[in-house]
Amino acid sequence: MLNGTTAEIKPREALRINPAKTCQPIGAMYAALGINGCMPHSHGSQGCCSYHRSHLTRHFKEPVVATTSSFTEGASVFGGLANMTQALSNIFTIYNPKIVAVHTTCLSEVIGDDIPMMIKKAKEEKIIPDGKYVIHANTPSFVGSHVTGFASMVTGMVKYLAEASGKSEAQLKAEPQLNVIPGYIDPADMRELKRIIKEMGVKTVMFPDTSGVLDLPQDGQYRMFPSGGATIEEIKSSGDSVGTIALGHFASHPAAIELDEKCKVPSALLELPYGLTNTDKFIHALRTHGGVDVPGSIGQERGRLLDAMSDMHQYFHGKRVAIVGDPDHVIALTQFLVELDMKPAYVFTGSSGKHFEQRLTEILGNHAPDAMIKQNVDLFELHQQIKNNPVDLIIGNTYSKYISRVENIPFVRFGFPVLDRMGHRYFPAVGYMGALRLMEKINDALLDHKDRECAEENFELIQ
Amino acid sequence: MSEETNTTTVTELDPAAVKAEMLKIYPAKTAKKRGKQIILNDPDNPPEIGANTRTVPGIITQRGCTYAGCRGVVMGPIYDLLQITHGPVGCGYYAWQTRRNLVRPPEGTTNYLQYCMNTDMQEDQIVFGGEKKLAQAIREAYAIFKPKAIAILSTCPVGLIGDDVHAVARQMKEELGINVMGFSCEGYKGVSQSAGHHIANNGVFKNIIGLDDKPDEAEFNMNILGEYNIGGDAWEIDTLLRKCGIHVTATLSGDVSYDQVKKCHTVQLNGVMCHRSINYIAEMMEKKFGIPWIKVNFIGAEATAKTLRKIAKFFDSKKLTDRVEEVIAQEMLALRPVREEIKAKHKGKKAALFVGGSRAHHYQDLFRDIGMEIVSAGYEFAHRDDYEGRKVLPTIKVDADSRNIEELHVEADPERFKPSKTPEQIAALEAGGFNFKDYEGMMVEMKKLTLVIDDISHHEMEKLIEIYKPDIIGSGIKDKFVIEKMGVPCKQLHSYDYSGPYAAFGGAINFYREVDRMLTTKVWKFITPPWEKDPQSATPLTHTTKTEAKNETKAWRKPAAADGAEG
């Protein structure tokens, strides 16, 4: 397995091998599914839409519906207006969504299709029925990654929908509402954020929200547009909120800043609430800006997490870890690993962005000064680095499992996508309870490995 | 259309009404187009079906793109051919390990299926051209892996910005001294994956087949074309043929090496499994090298036996014929009891199949083996000949989309055209009812008035389930959970839901058991909670003495009444 990978690292400028990222449109499609009654629409060749739907379906094991403009060569030469018009007519007639969220692809971007013009024309021609919405985001695959695609669609929600109603500050503060922009996380995580928010007693609007869309119960019925998702009215009202809590520099902060520019809503730009201190910051922000006290139940969750950390930290302390994934995930998770006294050794993302390296240098500065922090890098290089200087644990998406098997290194699946295990579909990784689950997974991976590999005389009943 | 309210009551017995019900909601233009792709079957005289035509924009379709057909399907499984996707990161990423083409390369060979290599094109290459980056990527790949050959697969932007992958391939071939070949399989090139199959066939034929004239030493030597070793199917077929004494030089493309493809023109016979994806290579090999091809099908026990007999008849050897009969008898001995047991449970149950370019036909044989009925079927990306049979080939109109795909002009090779049969032998076989290069398509084997639906849409699938209530559906990943949310089990026939193999006799047994599992699992019966079934059925509160508990006389100690599972 992977026997073409050697420890010798030859310079590469052009060849990407085993990427740790994918393209923008899939992120835009995922974000769009977090709007209630929304049909994501891929403006380009139908292969893009097919690949994205397949990939998201494998990660969630849920129906993922989306439409496509189904370009052929003709559309590629003459432009995609006719395809877009016909698509919108079919979508509203047949599927009748409340809103269509268009994202572009390489194809429509290279030929320069003007989506706002197309939407305007379709509105004038009544192809978009009254009371229905069409929004868009530009997401060519030759820019950014699936993470920026997600961010662009969330920003698109703000651009098209958010509005300040002109109520006075006193009116808004009378019944204050906070926005939460949760980032590129799973439906189970969004569900957990809402539970915490409810427990705290804060009135919020969360968008996107894929819980209730991509984690549906089995009740013998299929609903193309289930009850979940942020409603258009909720997203509109985000312009009237007293503040925004945006989780993740790459996936969520751009939309929060857009909302500030558009509706003058200030924001707390936080990291994803993985682990103890990032969850503390989230709770603290909710408490302060929502004007509530932290209930005892939340305090107890925190206490139970901390208790587990004190009980078990000997198994985490000093362990060398390779972490690879999406930048917001990696930044917040690395923070948690530091809290667990682990030693991040390779901290990699396939996406690009200087913030990644700057922020991780801050986090790891004193704790793990030798850690290798890299953006715009791939799994092939991670494997080569591990061959040169091994680690005790790999944390990454499912594609990392090949490295784990070849090098016999314990592995924890984390992030996007997870294609071969079920937990992420039901159990959160955010908040104090999510942190406990992450800890359990790491601990199990390390101790299972020890139990399997250690000499018989060291095989112990109790740990 | 929408204003003409259709008040017909749809019954299972009236497929014309089902069709009308499916089309009812569509805007007029869409209804007209889709109407041509939904056909009431007549096996004696298959009606014309709209196929291999453009997907209607805005319709939720199963279809993918040309790149997926070329890179994902045909080229992907050649395990030691290093393949570089030229384009932005996504296309290569999605084609990475997502089809289940299992491979067992010999010790020491690098299996490139585990690697996703691409040029990760960025905006400046879109503006200034990506050829330099591609050439550099090839150099780097060669420096790291030292492969025997390299293929370049193009994605949408490549064609639009005018990168010449073929020129880069020629340049790098000269520079590196290995075979480097380009494929212009941009996603927009055709109406589905099908165009990509054709482009891949052309490229393999031009660049690989015929590079090594030394045949494998074998008395009966053939290729299996259009078999992708999903879940190990090709291994089942190979093992079965070996048992009979037949050697397979190459399986295109399943667990196959570059070197095997190079010499696959040295065989006596080509057997075509998936007609849609590979008939082009079969045709071209016949023209250039004189190798006859026949349609084979190893999906289903009866189909497998029929195919083995057909192959034996071709080779015309008593030894082989006897051996084939012996093997069939042995295999059927093991298979029959399983089949009968499962048939007894599921005879008459209904299946529907919407997948691929051959599987929606082949898998009908497996369901028929266990007495199940096919209520509707259709392909995702096939052409009219796959439905109506190759006899309609001369009448298929070549439209603008098909014209984009190069038709190679192939002539008999002056030295290497060596048919394994003389024209007289071929004539004699044909006189005896043997069909060469023939595929009769799906429709002749399906019942009269069964609905045949090409490129089924999401809406049509929903209607079909609502009206026909099939017991099981064979489809793909994008539909699977839509169908299962409705309480109908769905078998993915691209990936087999990570099980299999299903080919040949051993595979058939796996499939029967798999269908049995899906039709008997308790899970669908738990959907209605007990309080909705019978609000009075809660376990009552009762007083229990210690003596009663010890003697286990209380009702709750006795086996409980059915609580949903038996439902």
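## Interface between chains A and B

Chain A and chain B bury about 6,600 Å² between them, with 61% of it on carbon and sulfur atoms. Buried area here is the accessible area (1.4 Å probe) that two parts lose on being put together, summed over both. A:Leu15, A:Tyr51 and A:Phe142 supply 11% of the area that chain A buries against chain B, more than any other three residues. The contact draws 73 residues from chain A and 79 residues from chain B; contact means heavy atoms within 4.5 Å.

The model is predicted: local features need pLDDT of at least 70, side-chain atom pairs count only at pLDDT 80 or more, and totals for chains, interfaces and linings use all residues. Residues are numbered from 1 along each chain as its sequence is written, chains are lettered from A in the order in which they are written, and side-chain values use heavy atoms, without hydrogens and water.

The rule finds 3 salt bridges across this interface. A salt bridge is a side-chain nitrogen of Lys or Arg within 4 Å of a carboxyl oxygen of Asp or Glu. A:Glu62 and B:Lys485 meet in a salt bridge, at 3.1 Å from N to O.

## A sheet with strands from both chains

An open sheet of 5 strands has the order S1(A)-S3(B)-S2(B)-S4(B)-S5(B), with mixed pairing. Its edge strands are S1 (16–17) of chain A and S5 (179–183) of chain B; each pairs on one side only. Two strands pair if DSSP finds at least two bridges between them. Helices (H or I, at least four residues) and strands (E, at least two) are DSSP runs, numbered from the N terminus.

Strand S4 (residues 149–154) of chain B runs parallel to S5(B), joined by 5 bridges. B:Ile152 has B:Gly182 in S5(B) as its bridge partner. Helix H3 (residues 66–75) of chain B packs on the sheet and touches S2 (82–86), S4 and S5 of chain B; its direction makes about 150° with that of S4(B). Helix H8 (residues 165–176) of chain B also packs on the sheet, touching S2, S4 and S5 of chain B, and its direction makes about 175° with that of S5(B). Axes are lines fitted to C-alpha atoms, for helices over the stretch in contact, and angles run from 0 to 180 degrees between N-to-C directions.

## Strands and a helix in chain A

In chain A, 5 bridges join strand S4 (residues 99–104) to S5(A), and the two run parallel. A:His103 has A:Ala137 as its bridge partner in S5(A). Strand S5 (residues 133–137) of chain A is mostly covered, with 4 of its 5 residues buried. Buried means under 20% relative accessible area, exposed over 50%, partly exposed in between (1.4 Å probe, protein chains only).

Buried residues of H4(A) include A:Met84, A:Leu88, A:Phe92 and A:Tyr95. Just after H4(A), A:Asn96 takes a positive phi of about 50°.

## Salt bridges within the chains

The structure holds 63 salt bridges over all chains. A:Arg12 and A:Asp378 meet in one, at 2.7 Å from N to O. This pair links distant parts of the chain, 366 residues apart: A:Arg12 lies in the segment before S1 of chain A, and A:Asp378 in the loop between strand S12 (372–374) and helix H16 (379–388) of chain A. A:Arg12 is partly exposed at 23% relative accessible area, whereas A:Asp378 is buried at 2%.

In chain B, B:Glu283 forms a salt bridge with B:Lys437, the closest N and O atoms being 3.2 Å apart. B:Glu283 is buried at 17% relative accessible area, while B:Lys437 is partly exposed at 34%. A network of salt bridges links B:Lys480, B:Glu484, B:Lys491, B:Asp497, B:Glu514 and B:Arg517.
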